[in-house]
Amino acid sequence: MWSDDELFQHRRAAPLTTTSRVILGVLIFFGLQSVVLFAWWWFRAEHVSNALLFVLLSAAVWYGVFRIVVGWYNVFHIAQPPPARAPGGLRVAVFITSSPGEPYEMFVRTLAAARAIEYPHTTYLLDDTRDPRFAELARDMGAVHLELVGFPGAKAGKINAALARTSEDFILVLDPDHIPFPNFFEPVLGHFDDERVGFVQVAQAYYNQPRSFVARAAAEQTYAFYGPILQGMHGTGTAVAIGANCTFRRRALESIGGHGVGLAEDLVTAIRLHAAGWTSVYVPEIVARGLVPEDLGSFVKQQLKWARGVFDVLFNEYPRAFRRLTAHQRLSYLMIGTYYLVGLTTPVYLLIPAVYLWTGVQPAAMFLSEYLRHALPVGLFGCILYLYAQRWLCDPPRERGWHWRGMLLKVGCWSVYLHGLVLALLGVAVPYIPTAKSRQRGNFWRMAAVPLIVIFGSVATLAAVLYRRLIVMPEAEVRITTEVAAGMIGFLMTNVAFMGGRLYAAWKDRAR
Amino acid sequence: MTRRYQFGFFALGWLLLIGIVVQRGFDGAFGRSFAAVHDSIVGMEQSLSDREATARQRVQPHSRRDDVAHLYPSFTAATLRNPPRMLWGAYDGGLPESFAGVSAFEQRVGQPFAIVSIYQAWGDRPDEADFPLRAVATIDRLGSVPMITWEPWVKDFDRPNLPKDREYASLAAIARGDYDFYIAHWATAAARYGKPVYLRFAHEMNDPYRYPWGPQNGNRPDDFIAAWKHVHLVFDKMSATNVLWVWSPHISMPWFEYYYPGDQWVDWIGTGVLNYGDVAPWSRWWTFHQILEKAYPALTKLRKPIMITEFGSVTSGGDAARWYEQAFHDVRDKYGAVRAIVFFNQAHDATLSATPLNWSPLQEARAARAVAEGMAR
């Protein structure tokens, strides 16, 4: 647990040194060599046992390795914008949206914090709650209350309506659960001196991660992104807007017909701005802190929304913008757009041991020790680089670590991402619901259904295997297949362990 | 910008160099530690397999091991050198991945085999690089004695210090010690395994039409003898005294006697007796007796037990059941020195002809019955 004094303090990522970049380059080089040697070994005809399964397994494994490699490439380009002081006299607006059901107390805190931002600005409350208390609160906090009821496109619809009613040159879209620090604009506004800059994104950080397992896991999933990853993207000119805490240039938004609409409206806006030739800046500084989902139900809803939205960008926005993007941007948006394909690779990993243990068909004929010999260096350099790049986290003392909770929950939520992919392919809409701001409880069986199915399926498989091997199978077959069966049971148990995170979270958040 | 890329290329060059050196070092250091990892994984797997078998025995007390022990006296170096009764054995095309073919064969003939035969080529590939401990240990646990036909395919090594044309005069190179890195590594593992294993090294060395270690590649009889002795000596040095040496020429080819290394270097005489029927222009339907009779006096002169290391008949061109019946009769009647017969139960042998040959005695019900009856006697 950290005190508010520690949390609500301005932080910035450690600066880049030549030495650290050289070390990074050397590590990446060895990492790449390990990947090449691994590939050289993996793709051999004598390794193929069942061709279809081998193709599936290879796709899953090499999709993962490809992401790691692109991640290294990105991290190698790490760059930080030079500090730029905010010039005086800019006209700045702060947009805060409120929707029905969002707690009143949260707005008290956020509006007060917005008022306390030192740089002269006007705060607008974009309100469709029809709750008179909100209008009153806005007046008390020195904010302008805009009654914006009935605009389609949820948050983005209100933002676009508010753009039409205001005239400030720079607009900060602040999530209502985020508490800005008084110096928020200090590291931001100076970057707009460059006329080509369309938006400036700052880090997102949270203050509620110690409150639950899910909150910690959800926060852990973001640390690397707002640390080394976005700094690398800044270096390649691909830094994106992430909904909250992004400051836009009005002219830029107007040039693309306003803020993008959709479940991933931030990403839609970013890709359109990049396609229109605007550049972006990522400032690796914590100048606000907000909330992450604290319970499994809210987390799953948020992830489904994102997955659906991100796939939507991949299928609809990306092809349209493709020709006008730079090479780095093409790669970057492709990587973002395919992030949730983990919803396809995890089922492959779940399938492979089950298929072997039920039917005896296996994808590959490899020796375990040979596999380890070639895969371990890749894993080793992956881990070393992951840990080394943590020196560029925005708040290392609170963010460093293996982030295993985040990983467990990500793998455990594969069904959510798959669901999002299917919805996107079918074009089925997911209603936009703001993420819950407090811990909700839900029915355990419903929340734990997917992990429980996987776990019970695995236990049933294990029982069937024991029965077959101890009773049905000829002794000689049992003897000769010990290694592969043990390996596959290990694989199966690893899958069970990966489902443990989601199951644990469902148990903690069950209705009592 | 240009300067930056010049620097980049310069740095890349250096990194490449360092990278190659480091990965090579990794391979050296990793190679050693991974050999240890490999050994411990195999060791763990063995003990896991034993535990599984113990658990299984609690549910099903019947074990193949008991069946073998019931038919054959305990397998010691002495009984395996000079067996008190005929040793029946089999190779099966499904080995070493699957034992199902051997099991099916045994079920059909109603008794387990004393010898289970497998093949291994020399080389660097994962299935060649090491002593085949998994297969050998499995065969041992199931109660049988493994036989390994060990084929010096020297071209399967991928090493810069070995010459490109190394298939020529490869036996002399083996005798010279060029392949000791492999032989010693293999022999060490064989010694660690410690239980009796038949080793049939460089078989059919006198056949100029078959394997690269044959006389067509400048391998003279003296070279073979020198290679055999050298390999044997390396095994002795590594204390792999559990190995039983099966010297196995091709008896239909001339001058095989000149390849005999000497009594102290050989435990068994091995030879294949395969009837190719009418599948090849050079072949016709030959009985067991017709194949063996000419060479038999020369073989018995060596006063070693004789093993038919590959035994079988195709069905094309004659009556396979009759062939087996006659063969068993002839063995009892005329070939008392034959102390072991290993069936070549390979249903898809594509080593010689475009259409695979089927050597399995199970392909015809009558032949299978003849084999079962012959073995039961």
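Start with two helices of chain A. Helix α7 (residues 213-235) packs against helix α15 (residues 404-412) at an angle of about 95°, and their axes lie 7 Å apart. Axes are lines fitted to C-alpha atoms, for helices over the stretch in contact, and angles run from 0 to 180 degrees between N-to-C directions. So α7(A) is roughly perpendicular to α15(A), a label for angles of 65 to 115 degrees. From α7(A), the contact uses F213(A), R216(A), A217(A), E220(A) and Q221(A); from α15(A), R405(A), G406(A), L408(A), L409(A) and K410(A). Contact means C-beta atoms, placed from the backbone, within 7 Å. These residues divide into four nonpolar, two polar and four charged. Here Ala, Val, Leu, Ile, Met, Phe, Trp, Tyr, Cys and Pro count as nonpolar, Asp, Glu, Lys and Arg as charged, and the others, Gly among them, as polar.

The model is predicted: local features need pLDDT of at least 70, side-chain atom pairs need 80 or more, and totals for chains, interfaces and linings use all residues. Residues are numbered from 1 along each chain as its sequence is written, and chains are lettered from A and ligands numbered from 1 in the order in which they are written.

Now the sheet. Seven strands of chain A form an open, mixed sheet in the order β4-β3-β2-β5-β8-β7-β9. Strands pair if DSSP finds at least two bridges between them. Helices (H or I, at least four residues) and strands (E, at least two) are DSSP runs, numbered from the N terminus. β4 (144-147) and β9 (279-283) of chain A each have a single partner strand, so one side of each lacks a neighbour in the sheet.

Definitions and conventions. Angles under 35 degrees count as roughly parallel, over 145 as roughly antiparallel, 65 to 115 as roughly perpendicular and the rest as oblique. Two residues are in contact if their C-beta atoms, placed from the backbone, lie within 7 Å.
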